[in-house]
Amino acid sequence: MSVDLRTRVDSEQVPVDAGLFFRELLPLRLAEHRALIAPGASELRLVDFCIETDGEPWTLAWNDDRVSVTPGHRGEARVRLDAAQLSDIVNDQSTPVALMSNKLLDMPEGGLPDFLNWWLVLRAALDGRRIHARGDVTFSNGLRRSFTPGDSDESMRAFLEDAGYLHIRGLFSEAEMAAVAADFPKAAPHYEKGDPKAWFATTQDGVDRLVRMEGFERYSEATVQLIDDERFRRIGSIPGIGHTQVRKPGARVGALSKPIGVVKGISDVPWHKDCSLGRHSYECCSLTVGISVTGADADSGQLRVVPGSHRALVWPAPCVQPGLDLEPVDLPTGVGDVTVHLSCTLHMSQPPVHRTRKVLYTGFGQRAADPEAADLNRQRLQAVRSKTHTSVSQEPGYLGD
Ligand SMILES: [Fe+2]
């Protein structure tokens with residue numbers, strides 16, 4: 001499979017009229033894609049679900065092997081949306097997770113799991129994707145493998161397409177990583193609370209600590225050299241579909257220090273796909289690359305991924321979907337190793353227990369078909385998304401699966 005999963009273009013987006021959508025468009029799409037919906041939907045707990053848009057209620061119900069859409073409110077779960085929120089959900093600009101993590105999820109009955117189960121049905125109907133059913137995802141290259149820079153692009157591409165991630169050992173030297181590590185304390189004074197490029201988290205001792213410096217390359221020449229180096233740029237060519245470094249100057253690299261015992265704020269992100277807040281069908285798959293400045297293992301903040309999850313329409317966050325038949329793997333890394341994951345691959349960082357960790361995150365993306373329209377939508381959504389990193393947290397040692 002290609003990892004280009006884009007099916008939508010921003011400039012072709014049409015506004016959604018709630019009445020017309022529930023009365024005509026949705027039933028049509030549900031019927032058209034019934035074969036993609038039924039096997040996975042029958043494995044979900046789909047309670048009758050009311051979507052109320054600006055006071056106008058419609059109820060979705062799963063009966064035997066199909067969905068009915070009827071006017072009115074009944075059932076165990078209900079979400080209240082405004083017209084813009086409905087439009088963004090329908091057009092895959094936003095998701096229930098985006099509403100939840102920005103404290104905008106208004107569900108007087110039921111909860112996020114109900115919305116997420118029905119969101120899978122909506123995505124399948126509207127995007128023509130198959131809801132994951134047990135046994136759908138199989139592997140031809142195994143689940144766990146490391147590469148070295150001497151391995152071929154073709155072997156890495158095959159594994160990436162299959163498993164959704166790569167672990168490349170020793171891409172950079174210990175000396176290069178030491179030079180980057182030395183820039184952390186030099187960069188830190190440039191980041192203050194309230195700056196959206198600075199993420200802070202509070203540890204058990206009540207101290208607020210700087211845990212993420214976005215745009216770190218502005219203060220680290222050693223980092224610029226790494227990401228402009230041919231060894232690094234090569235990663236963008238591995239999928240073979242024209243990934244480039246699309247992050248803007250001044251926002252190319254996030255530098256993370258992971259303290260032990262975070263009790264407030266986000267340092268170690270629970271299970272998610274990077275497209276969990278929306279825009280999957282406009283942008284996926286992008287590549288996120290982690291550069292291990294210090295090594296990481298189960299005690300020190302390693303990355304974990306669910307191989308094959310990029311090929312499965314499943315809950316995109318905040319935990320591994322209950323009953324999912326795909327198993328997480330740990331990705332312990334040495335100094336100078338890189339990890340690569342697709343934006344649709346479920347991943348989490350394990351809260352460190354014994355040792356802190358330093359890691360850089362950057363990546364590659366695909367150019368939007370209409371970059372101007374894409375930028376407008378990204379900026380519009382950013383205003384809401386900017387709260388995400390203050391509102392999601394997990395306990396030290398938490399695994400979430
Ligand atoms: Fe992520």
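User: In which segment does Asp17 lie?

Analyst: In this predicted model, residues are numbered from 1 along each chain as its sequence is written, local features need pLDDT of at least 70, side-chain atom pairs count only at pLDDT 80 or more, and totals for chains, interfaces and linings use all residues. Side-chain values use heavy atoms, with hydrogens and water left out. Helices (H or I, at least four residues) and strands (E, at least two) are DSSP runs numbered from the N terminus, and on that numbering Asp17 lies in the segment before helix H1 (18–32).

User: Is Asp17 buried, partly exposed or exposed?

Analyst: Buried means under 20% relative accessible area, exposed means over 50%, and partly exposed is in between, with a 1.4 Å probe and protein chains only. Because its relative accessibility is 48%, Asp17 counts as partly exposed.

User: How many salt bridges does the count come to?

Analyst: A salt bridge is a side-chain nitrogen of Lys or Arg within 4 Å of a carboxyl oxygen of Asp or Glu. One of them joins Glu76 to Arg45, with the closest N and O atoms 3.4 Å apart. By this rule the count comes to 32 salt bridges.

User: What is the N to O distance in the salt bridge of Arg212 and Glu214, and are these residues buried or exposed?

Analyst: Arg212 is buried because its relative accessible area is 16%, and Glu214 also counts as buried, at 17%. Their side chains meet in a salt bridge with an N to O distance of 2.5 Å.

User: Which residues are linked in a network of salt bridges?

Analyst: Some salt bridges are described as pairs, including that of Asp229 with Arg231, where the closest N and O atoms are 3.0 Å apart. The network of salt bridges, in turn, links Asp10, Lys248, Arg279, Glu283, Asp375 and Arg378.

User: Which residues are the protein donors of the iron ion?

Analyst: Donors are N, O and S atoms within 2.8 Å of the metal (3.2 Å for Na, K and Ca), and since water is not among the atoms, sites may look incomplete. The protein donors lie 2.0 to 2.2 Å from the iron ion, and in sequence they are spaced H-x1-D-x72-H. His272, in the loop between strand E9 (262–264) and helix H10 (280–283), and His347, in strand E14 (residues 347–349), are 75 residues apart and link distant parts of the chain. The donors are His272 (NE2), Asp274 (OD) and His347 (NE2).
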